[in-house]
Amino acid sequence: MNEELDSQLSAMFDDELAQAECELLARRLSRDVELRARWGRYAMIAAAIRAEHGVRLHARVAERVSAQVVSESALGAAVSARPPRWWRPVAGAAVAAGVAAVSILWLRGQAPLADAGVQPPLAAVGHARAADSAAPVTAALPAPAPARSDSYVVPPAARGALAVVPPTELANYVVAHSLFTAPVARGTLLSAFMTSESATTGTAVVSQDGPEDLPRDAPGHAR
Amino acid sequence: MGADVSDLSLVRRVQRGDKGAFDALVLKYQHKLVKLVMRYVRNPAEAEDIAQEAFIKAYRALPQFRGDSAFYTWLYRIAINTAKNAVVSRDRSPIEYNIDRNNEESYEMQGRMKDSETPEGLVLTDEIRSTVNAAIEALPEDLRTAIVLRELEGLSYEEIAAAMDCPVGTVRSRIFRAREAIDRRLREVFEGGLGRTEELG
């Protein structure tokens, strides 16, 4: 055994070796079983000199710990896989923000379907009752429609969507309103309605096709 | 030098996955840790079990060790907590301190009375101790003083140099030669069949 190496080992055991030398010797100590055995005996000598009563100098703690450590996964892998400490709160916030964004998008995507399901358009109800199947009709008319109201005022939500105004309700409104108007104005109003119906293709399609698709005795059929 | 440099160099190696470096740390501190744990449990075998558990906990926690404190301070803290938990879980009270610690003979005898170790085990420990003591007695005065000041009093090389009025390099050499002389006697005893050499490594 190299005497200089042993001298360094003794100094390292006392924590009296320069850092650079410590690094080199630590590497050798971890690989050289004989050197490590000598290191262990230095510890035994120290314990004997200190006369640590009750402590078994030949204790096999190191042996047992070493055997158990062998079964553990290497710490190096754990260290490299573990993210830096500062990254943890950032990652947590990012995950929370992601969950919130997904939730908002999901809820926004669900809202029209929920509305349609709760308040189906009258035409759709008519189709559904006629065909005894609500789902395809609802899917064919995706835009939300206002619920039937006793007054003839179109709800604000439906003002921007001409294509979804139920034609039967609109026709009822015009007919009912014409009963209280002068004949000239009534004719003007009816002609204006018909003109607007033909000009607005979406509404016209719905209003013209609707009654023909429905059976005559269907509840949603306009009379 | 000092300031836990040697421990830290080993710790860094363990953190990179070097298990042999952890073996070196365990070899260095196993006796001290058992001694510390024996303040909480009386039985040496139980103290060794707790020390073993503390070492394993330390090994698992080493990735989080950043070196803010000395390694042995950190390790001792783990050992104390492990010992306290063991005492609580096993519903045992800590060791009573009404023992006369100044009377080494009675203190050691009391410890032995409660020790579940076999007579052979006690003989082995006594044999190691008497071998080391005999080797120290046989050392030249300067070597003996240096190793005793270091191991018994815990002085640094610089403090020993001041006390012995010699350079630090001389202190280092004296301590190394003292250890080598004691180790030689120890190896002779073990190779003579008293104990198993693998127990030393």
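Me: What makes two residues count as in contact?
Reply: Their C-beta atoms, placed from the backbone, lie within 7 Å. This is a predicted model, where local features need pLDDT of at least 70, side-chain atom pairs count only at pLDDT 80 or more, and totals for chains, interfaces and linings use all residues. Residues are numbered from 1 along each chain as its sequence is written, with chains lettered from A in the order in which they are written.

Me: Which residues is Val37(B) in contact with, leaving aside its neighbours within four places in sequence?
Reply: Ala47(B), Ile50(B), Ala51(B), Ala79(B) and Ala83(B).

Me: What makes a set of residues a nonpolar core?
Reply: The members are buried Ala, Val, Leu, Ile, Met, Phe, Trp, Tyr and Cys, joined through C-beta atoms within 7 Å. Buried means that 20 or more other C-beta atoms lie within 10 Å of the residue's own. The largest such core has 73 residues. Trp39(A), Val26(B), Val34(B), Val37(B) and Ala51(B) touch the most other members. α2(B) supplies the largest share, 11 residues.

Me: Which residues of α1(A) meet α9(B)?
Reply: Asp6(A), Ser7(A), Ser10(A) and Ala11(A) do. Their partners include Arg172(B) and Phe176(B). The contact's residues divide into three nonpolar, three polar and four charged.

Me: How many residues of chain B are in contact with chain A?
Reply: 66 residues of chain B, facing 60 residues of chain A. α2(B) gives the most to that side of chain B, with 13 residues.

Terms used. Helices (H or I, at least four residues) and strands (E, at least two) are DSSP runs, numbered from the N terminus. Ala, Val, Leu, Ile, Met, Phe, Trp, Tyr, Cys and Pro count as nonpolar, Asp, Glu, Lys and Arg as charged, and the others, Gly among them, as polar. A residue is buried if 20 or more other C-beta atoms lie within 10 Å of its own, exposed if 12 or fewer, and partly exposed in between; C-beta atoms are placed from the backbone.
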